[in-house]
Each structure stands twice: as C-alpha cells, then as structure tokens.
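Hi,

Here is the structure I promised to pass on. Have a look at it first, and then read on for what I found in it.

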Amino acid sequence: PALQAISESAVQGHEADEKYGDAMNWDELEFGVIPTDHMYIMKCSNGDDFSQGHLTPFGKIELSPSAGILNYGQGIFEGLKAIRTKDGRIQLFRPEENALRMKMGAERLCMPSPSTHQFLDALKQTVLANKRWVPPQGKGSLYIRPLLFGSGPVLGLGPAPEYTFLVYATPVGSYHKCGATMNLYIENEVRRAIPGGTGGIKSITNYSPVFEVVKKARAKGFTDVLFLDAATGKNIEEASLFNIFFVKDNVILTPPANGTILPGITRKSIIEIARDLNYLVKERDVPLEDVLAADEVFCTGTAVEVTAVASITYQDKRIEYRTGEESVFHKLRVVLKEIQTGVVEDKMGWTMLI
Ligand code: COI
C-alpha cells in the first residue's frame, strides 16, 4: 500500500496511454527490444545513498569512456515480467526476490544498491508509465530489465565513484522461436562459472562468454547449451540463460544453487510448487549418468519460463525425453502459469499488483 501511494503521483500524466500500443501486432512479438515510452533512472555518488529516482523518456544514456561498467564490467542486471491477467489487471511475480538478488550481486561487485522499497517503486513507476506496452493476456508480457552499474569514471582498478540504477521495459513474446520444446547440447570444453567466481550472481560479465558456444550449437540445430561444472567436468550446472531440472521416477533433481549457478526465481518457485504437490525434490549434483537415465527434463527462467526439453546431446549420444501433458513438468508449469496470470488465487502471496 505504501508503494501504491508513492507511485501513483509519480505517474500522473501517463494515464492517457492506457490504450494498447498503436500499430502493435501482438501476435508477432519476439524476444527483442521494442522502444517503449519511459525508463526510470536513479544515481548515487561517493558513498551516498541512491536518491532522486525519476522517469525519463526511453532513450540513450551518456557515459564517460572510463565508466566502471565499460572498463571493468562492474554491473549486474535483473529480469522480470509484468503480465496482464484475464480481467485486465497487471501483475509482477515475486519482485522482492529480484530486489534481494540485485542486492546480493551488488555486494559481490562492491557496488551500492537501491533499497527494496526503491527497487519496487522503480518497477511500479516503469510499468505504469509503459502501461500501453503490456501485451493483452496470452500474447506475451512486458519484460522489465533493471540494471545497476558503475557509471562514474575510473582508471586504476577499483570500484567506480558513481552508480546508476536504470529500469527499462519492452514487450516480449516467446524466447526461443522453436516453440514448445528445446533440444540441448552439452558443452564439454567451455565452462560458464568457477567455484568462487560470479556464476551465482547476475553479473553482466557472465553472459557474453557463452555467445560463441551457443552460436555454434545453434548452427548445428540445437536450441541452447548446457554447461558442466568447472571443478570436475562431470556434473550438469545450467544453461546459458536458464536453470535445469531432471525427473526420474517422479523424483525431481536440480543442481544446487551453491555459487556457480544462478539462483533463479522461477527455479525457486518450481521447487516450492513441486514440494507443495508432494513431489520429492533433491537439490544435488546431477552427474551425466542422471542425464542419460532421466524420464523428463525441463528448464526454468524468467525469459524461457518453464519449457520442456525434448532431447539432450552429449558428444555423439542423443537422449530423448517425455514431454506430453502427462509429464510432471506439465503439471508444475500449469500451476505456476495460473498464479502468474491471475487465473487462480495467489495463496503464496507471490504476485504484486501494479
Ligand atoms: C531472464 O531469464 O530474464 C534472463 O535474465 C536471461 C537473459 C539472458 C535473457
């Protein structure tokens, strides 16, 4: 309620945008950037707290060539979706979790972070100011991308003297064009994260190092790549942008979020839903033998949502998995979707109405 009070006044004047986006063809939405109306920006310098956050027209930002983010990659990001419910409301899914994860990542990269209250208020203002870009129910969502980065100039190795928190939003459809299932490839040489590294936070620097292997895998017809742990090369960790689950005899396995995989919010929610439905969920190492033996595999992430994996290829071996409506995956996915789209009552208190 406190948030409502703060934000409502900040977005007056944007109410005229209530109608759906002018010439938008919602049926052709992809996962790409469509410029929207406004973004939110807030700065902090020299050890002060973040303050004076405000909306500004969506557009370019100015940076010093020696900004911390450009020179030393001092930056993290978040991703979450605003979803329109059947009755036209707009809601976010567990945004406090994104605020906490950003705080955790900021500490690791020696950056100050906005308070949870500031984070949530920024999301709310950004969504309200871009309301007309929230797709109609069932056509996609408004993807919200909070960024936190060193924007002040720095040359000697160290934290920047100024930080920028920026939130922009853009309407998106499905992440992978392949549709309902994925075909994954296990990468045997390149590693995504090392013990003690930054794999457990949403550091900007975790993502471009996987571009090359993903590009090669796509050229061979795979949807995406699974990475093995750096310490032993024997256990599955996660994919380029999503967490992974295996099902064997109705027991659900997923690698533990112990610092080398991203602690996904969809991952956490699926584990909680599965336990609530009395499935046994084990967060433990998943060696290659478990990949060979699994009945089902599915992946979770904000962008990819909950998607079935039809096959995994390791070296020359391709294993296929159950994907139909009888699968465990399908049951969990339906429950999550119903909460996210407001079809059922949110008993968990996971959604935040905008
Ligand atoms: C998300 O799933 O929202 C992410 O942040 C992954 C991103 C690389 C698209």
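This is a predicted model: local features need pLDDT of at least 70, side-chain atom pairs count only at pLDDT 80 or more; totals for chains, interfaces and linings use all residues.

Leu109 counts as buried because it has 22 C-beta neighbours inside 10 Å, and a residue needs 20 or more to be called that. Leaving out residues up to four places away in sequence, Leu109 touches Gln74, Ile76 and Ser203. Val213 is another matter: it is 104 residues from Leu109 in sequence, and the two C-alpha atoms are 26 Å apart in space.

Just after α3 comes Cys110, with a positive phi of about 60°.

Arg94 counts as buried because 20 other C-beta atoms lie within 10 Å.

Helix α4 also has 14 residues, which should span 20 Å at 1.5 Å a residue, and its end C-alpha atoms are 20 Å apart, in agreement. What about its surroundings? Of the 14 residues of α4, 11 are buried, so the helix is largely enclosed by the rest of the structure. Among those buried residues are Phe119, Leu120, Leu123, Val127 and Leu128, but also Asp121, Lys124 and Gln125.

Next, helix α6 (residues 265–276). Its 12 residues reach 16 Å from the first C-alpha to the last, close to the 16 Å expected at 1.5 Å a residue. The buried residues here are Ile265, Thr266, Arg267, Ser269, Ile270, Ile271, Ile273 and Ala274. Asn278 follows α6 and has a positive phi, near 70°.

- Glu305 is in strand β16 (residues 305–314). Glu305 has a positive phi of about 60° although it is not a glycine, and it is partly exposed, with 18 other C-beta atoms within 10 Å.
- Asp295 is in the loop between α7 (288–293) and β15 (296–301). Asp295 is partly exposed, with 15 other C-beta atoms within 10 Å. Beyond its neighbours within four places in sequence, Asp295 is in contact with Val247, Lys248, Tyr321 and Arg322. Arg322 is 27 residues away along the chain, yet its C-alpha atom is separated from that of Asp295 by 6.1 Å.
- Glu338 is in helix α8 (residues 328–340). Glu338 counts as partly exposed, with 13 C-beta neighbours inside 10 Å. Setting aside neighbours within four places in sequence, Glu338 is in contact with Val343 and Val344. Arg84 is 254 residues from Glu338 in sequence, and their C-alpha atoms are 12 Å apart in space.

Then there is the ligand. Which residues surround the ligand? They are Gly79, Tyr207, Leu241, Gly301, Thr302 and Ala303. This shell divides into 3 nonpolar and 3 polar residues, with no charged ones.

Finally, the protein as a whole. How many helices and strands does the protein have? There are 8 helices and 18 strands. A compact globule of 354 residues would have a radius of gyration near 20 Å, and the protein has 20 Å, which agrees. Taken along the principal axes, its C-alpha atoms fill a box of roughly 55 × 55 × 35 Å. Of the 354 residues, 42% count as buried. Looking at contacts between residues at least 6 apart in sequence, 72% join residues at least 24 apart.

Best wishes

Technical notes
Residues are numbered from 1 along each chain as its sequence is written. A residue is near a molecule or strand if its C-beta atom, placed from the backbone, lies within 6 Å of it. Ala, Val, Leu, Ile, Met, Phe, Trp, Tyr, Cys and Pro count as nonpolar, Asp, Glu, Lys and Arg as charged, and the others, Gly among them, as polar. Helices (H or I, at least four residues) and strands (E, at least two) are DSSP runs, numbered from the N terminus. The radius of gyration is taken over C-alpha atoms; the globule rule is 2.2 Å times the number of residues to the power 0.38. A residue is buried if 20 or more other C-beta atoms lie within 10 Å of its own, exposed if 12 or fewer, and partly exposed in between; C-beta atoms are placed from the backbone. Two residues are in contact if their C-beta atoms, placed from the backbone, lie within 7 Å. The expected span of a helix is 1.5 Å times one less than its number of residues.
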